[in-house]
Amino acid sequence: MTWPEVRDAVAHGKRRVIVMLGAMEQHGPHLPIATDTYLGYATGERLARRLGDALVAPVVSIGYSVGHLPMAGTVSIEEPTLEAVIVDICRSLGRHGFHEIILLCSHGGNYRALRNVLPRLREEHRDIRISAITDFDEWLEHTKKFAGRWGLDMTRLGVHAAQGETSLMLAHRRDLVQMDKACEGFIGDASIRWRSKVPPPMDTMSPTGILGDARGSTADIGEKMFADRIEQVARMIEQGTLAG
Ligand SMILES: [Zn+2]
């Protein structure tokens with residue numbers, strides 16, 4: 001959009017703006033490094049269309065991915081840097097008339113920085129609603145329920161570059177998915193990765209970089225995941241329950 005288009009859209013009722021926090025980190029041998037950023041755009045756009053009164057800000061394309069640094073091409077910023085980026089983005093958007101800024105992660109490693117920075121944002125923007133999902137476990141629980149509903153195995157749907165993300169990418173950007181290289185990765189309890197401040201290097205846990213199993217991914221699963229998640233988040237926004 002051009003700047004006058006953004007100005008007019010806000011004036012005519014696009015009162016919310018969605019800020020997605022993505023990443024530039026390895027996603028196995030079959031998905032692009034920018035997967036979380038592509039999925040950030042896909043999620044932001046679908047959510048904005050569902051809400052009807054929201055615009056999507058540029059996705060933050062680099063996040064906190066320190067555990068993935070052994071794999072080539074991964075670019076990570078430290079959590080205080082990410083927090084500063086979030087503060088500056090909200091300060092910018094806060095000038096343009098939005099009533100609500102919605103902050104969402106399309107990369108699990110960004111949750112803690114978002115959680116840390118929320119009090120500062122709310123202190124600075126008393127006249128703007130700052131909404132966020134800051135709990136990775138909430139996402140995990142929701143994904144488990146989704147898996148149960150559709151008869152999918154959560155250990156294969158996985159949390160990183162597995163059936164879940166691969167299916168989402170097949171739905172959004174099939175041209176960037178190399179299904180012939182999709183394989184099984186680490187199968188088991190990977191929660192140490194998001195329970196520790198500095199997660200163990202990914203290559204010690206999964207030499208391919210996959211947590212779960214990328215085989216069996218389909219665009220149909222991806223469309224169902226998008227629809228399910230977008231509807232859930234949209235309802236939370238409409239009900240004002242995105243307290244963070
Ligand atoms: Zn990802």
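Which residue in β3 is the bridge partner of Val19? The bridge partner of Val19 in β3 is Leu103, and the sheet around this pair is described first. The structure is a predicted model, in which local features need pLDDT of at least 70 and side-chain atom pairs count only at pLDDT 80 or more, while totals for chains, interfaces and linings use all residues. Residues are numbered from 1 along each chain as its sequence is written. Helices (H or I, at least four residues) and strands (E, at least two) are DSSP runs, numbered from the N terminus.

An open sheet is formed by 4 strands in the order β2-β1-β3-β4, with parallel pairing; two strands pair if DSSP finds at least two bridges between them. Because β2 (54-56) and β4 (129-132) stand at the edges with a single partner strand each, one side of each is left without a neighbour in the sheet. From one strand to the next, the twist averages 25°; for such angles, axes are lines fitted to C-alpha atoms, for helices over the stretch in contact, and angles run from 0 to 180 degrees between N-to-C directions. Helix α4 (residues 111-124) packs on the sheet, where α4 touches β1 (16-21), β3 and β4, and the direction of α4 makes about 165° with that of β4. Contact between two residues requires that their C-beta atoms, placed from the backbone, lie within 7 Å.

The strand pairs can be taken in turn. β1 and β2 run parallel and are joined by 3 bridges, with Arg16 opposite Ala54 in β2. Between β1 and β3, also parallel, there are 6 bridges. Strand β3 (residues 100-105) is joined to β4 by 4 bridges, and these two strands run parallel. In β4, Ser131 is the bridge partner of Ile102, and Arg129 is that of Glu100.

In soluble globular proteins, nonpolar side chains tend to be buried together. A nonpolar core is a set of buried Ala, Val, Leu, Ile, Met, Phe, Trp, Tyr and Cys residues joined through C-beta atoms within 7 Å. The largest such core has 60 residues, of which Ile18, Ile101, Leu103, Leu104 and Leu114 touch the most other members. Helix α2 (residues 35-51) gives the most to this core, with 6 residues. Apart from residues up to four places away in sequence, Leu103 touches Val19, Leu21, Ile86, Leu114 and Ala132.

Just after α1, Gly13 takes a positive phi of about 115°. By contrast, 10 of the 11 residues of α7 are buried, so α7 is largely enclosed by the rest of the structure. The cover over the buried residues of α7 includes α2, α5 (136-149), α6 (154-157) and α10. In the loop between α6 and α7 lies Ala161. Most residues other than glycine have a negative phi. The phi of Ala161, however, is positive, near 60°, and Ala161 counts as buried because 29 C-beta neighbours lie inside 10 Å.

The axes of helix α7 (residues 163-173) and helix α10 (residues 219-238) come within 7 Å and cross at roughly 95°. This angle makes α7 roughly perpendicular to α10, where angles under 35 degrees count as roughly parallel, over 145 as roughly antiparallel, 65 to 115 as roughly perpendicular and the rest as oblique. In this contact, Gln163, Gly164, Ser167, Leu168, Leu170 and Ala171 of α7 meet Ala219, Ile221, Gly222, Glu223, Met225 and Phe226 of α10. The residues of the contact divide into 7 nonpolar, 4 polar and 1 charged; Ala, Val, Leu, Ile, Met, Phe, Trp, Tyr, Cys and Pro count as nonpolar, Asp, Glu, Lys and Arg as charged, and the others, Gly among them, as polar.

Helix α10 also contains Ala234, which counts as partly exposed with 18 C-beta neighbours inside 10 Å. Leaving aside neighbours within four places in sequence, Ala234 is in contact with Leu47, Arg50 and Leu51.

Terms used:
A residue is buried if 20 or more other C-beta atoms lie within 10 Å of its own, exposed if 12 or fewer, and partly exposed in between; C-beta atoms are placed from the backbone.
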